[in-house]
Amino acid sequence: MVRLRPVLVVHYHEISLKRGNRPLFLRHLRRNLESALADIGPAPVQQLSGRIIIDLEQSPAPEAVRDRVTRVFGVG
């Protein structure tokens, strides 16, 4: 039997920038997410191709993580 891991998939708005600035803005978004979640407890933020995943497996308050993430600029 496969064990599923609870995660939050972060959808961010379309980022279309000239001169390859997209990686810079994605790094800023990830850093802002990590800052917003810093005092909640363990909730590792992982940037994958085209999406950001937040691992909720060890998070003591997954609902609080969700609420904080929705307030970060650029998250849709």
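This is a predicted model: local features need pLDDT of at least 70, side-chain atom pairs count only at pLDDT 80 or more; totals for chains, interfaces and linings use all residues.
Trainee: Okay, strands to begin with. How many bridges join β2 to β3, and which way do they run?

Mentor: Strand β2, residues 45-48, is joined to β3, residues 51-55, by four bridges, and the two run antiparallel. Gln47 has Ile52 as its bridge partner in β3, and Val45 stands opposite Ile54.

Trainee: What's in the turn of that hairpin?

Mentor: Two residues lie between β2 and β3. Gly50 is in the turn, with a positive phi of about 85°.

Trainee: And where does β1 come in?

Mentor: Strand β1, residues 7-10, is joined to β3 by four bridges, again antiparallel. Val7 in that pairing has Asp55 as its bridge partner.

Trainee: Why is β3 largely enclosed?

Mentor: Four of its five residues are buried, so the rest of the structure largely encloses β3. Buried here means under 20% relative accessible area.

Trainee: Switching topic: which residues have the most contacts inside the largest nonpolar core?

Mentor: Leu33, Leu37, Ile54, Val65 and Val69, in a core of 18 residues. At least two residues each come from β1, α1 (22-37), β3 and α2 (62-70). The largest share is from α1, with five residues.

Trainee: Take Leu37, then. What is it in contact with, leaving aside neighbours within four places in sequence?

Mentor: Leu37 is in contact with Ala43, Val45, Ile54, Val65, Arg68 and Val69.

Notes. Residues are numbered from 1 along each chain as its sequence is written. Side-chain values use heavy atoms; hydrogens and water are left out. Two strands pair if DSSP finds at least two bridges between them. Buried means under 20% relative accessible area, exposed over 50%, partly exposed in between (1.4 Å probe, protein chains only). A nonpolar core is a set of buried Ala, Val, Leu, Ile, Met, Phe, Trp, Tyr and Cys residues joined through side-chain atoms within 4.5 Å. Contact means heavy atoms within 4.5 Å.
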